[in-house]
Amino acid sequence: MDKQTVPFFVPFFDEDEAQEVVKTIKSNWLTSGPKCAEFEAEIGKYLGDPDIHVITVNSATSGLHLALEALGIGPGDEVLMPTLTFTATAEVVRYLGAKPVFVDVIADTLNIDLALAEAKVSLATKAIMPVHFAGLPVDMDEVFAFAEKHDLGVVEDAAHAFSATSDGAPIGCSKSDAIVFSFYANKTMTTGEGGAIVTRNTKLAQRMRVMRTHGIDRDATDRFTGDNWEYDVVAPGFKYNLTDIAAALGVVQLRKADTARDLRAAHATEYLNALSDLPLVLPNPGTNRVVHAWHIFPIALSENAPIDRDTLVEQLRAAGISISVHFKPLHRLTYLAETAVAEGDSFPVADRHFDNTVTLPLFPGMTSAQRQHVIAALRTCLKG
Ligand SMILES: Cc1ncc(COP(=O)(O)O)c(C=O)c1O
């Protein structure tokens, strides 16, 4: 019998994605056009809020950059964010010549600790970027109270959180200035590379649409199919638009987003039950006020675990299990440590998590045999 191997992630595709992509290629319209428009409209319907604008982009990184740019973040400004996130959250702040300011996370949720954020607010602080880590919704009521108190813009890094909900409303429907989703290859739904920005602010939406395509004041569909080829450039914009080929994947993935989430949630519950007696800190599934998106399943070794993280990684790999690590905290990345960390800053919760964490495979089509193999391997590694 072949040795069981478990990939870290497998996309939740069937023939429908392939057919929609082929249909789009055969339509001869490859870049942003009717499929992107359809994808944006469908995301709007999924989120179920008629007052929102949806702007597709070629990555969440681009989306976060556009959102901060539209908010007017620039040199001298500071932006608060958790240190336990991907480098993209901070790099976009640096693109604009502003400074990311890192805040430790709450041990229980691994989301930003607003009590600690208080001490990091200065006259230069202009915005806060909460991250829904792993797909567990941040308490946005607390973020809005904090942002109102300090007069800050709010940009939600919802890269992990498409299909999560909070108090019955999908993530994407809050009053944040912008909410940004990622549709990267292993996200909760995927277009290969891609993302979307959601906002209720029409002015911000207009700016982001213009800056998405070189600062040109008209989109490609309009210029190439309308009567008038004329266009103007109103700012030094970017090239951040999504292709129609990618949007074709997106419209099909979107229809399956809730099914995919429910499958991940069932697998996550199986992990939570089967691993509960091991010396592990397991991810918080959230209260009954939220639906977790379960983008990833990061575990951490407890203090009484018989092995360290690197040994665990080695042993899981030897058992044919692909893993990842989320995340090396921003304050420990050379460039960001040099440019954005002050003498005496400390982040004990994120450090403890990172030093002990491994992210297990989790994807909708994971088989029972694959799940059992991961669980058995962990039991062997940690039997102590
Ligand atoms: C928290 C977070 N923010 C932003 C990003 C960037 O997403 P993208 O790859 O779509 O640019 C990622 C990607 O993994 C992420 O994990």
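A residue is termed buried if 20 or more other C-beta atoms lie within 10 Å of its own, exposed if 12 or fewer, and partly exposed in between, with C-beta atoms placed from the backbone. The structure shown is a predicted model, in which local features need pLDDT of at least 70 and side-chain atom pairs count only at pLDDT 80 or more, while totals for chains, interfaces and linings use all residues. Residues are numbered from 1 along each chain as its sequence is written.

View A. Aspartate 14 counts as exposed because it has 10 C-beta neighbours inside 10 Å. Its C-alpha atom is separated by 9.7 Å from that of glutamine 253, 239 residues apart along the chain.

**View B. The shell around the ligand.** The ligand is surrounded by 14 residues, a residue being near if its C-beta atom, placed from the backbone, lies within 6 Å. The closest are Ser59, Ala60, Thr61, Ala159 and Ser182. Helices α3 (60–70) and α4 (87–95) each supply at least two residues of this shell.

**View C. The open sheet β7-β6-β11.** Three strands form this open sheet with antiparallel pairing; two strands pair if DSSP finds at least two bridges between them. β7 (169–170) and β11 (290–291) stand at the edges, each with a single partner strand, so one side of each has no neighbour in the sheet. Two bridges join β6 (residues 165–166) to β7, and threonine 165 stands opposite proline 170 in β7.

Key. Helices (H or I, at least four residues) and strands (E, at least two) are DSSP runs, numbered from the N terminus.
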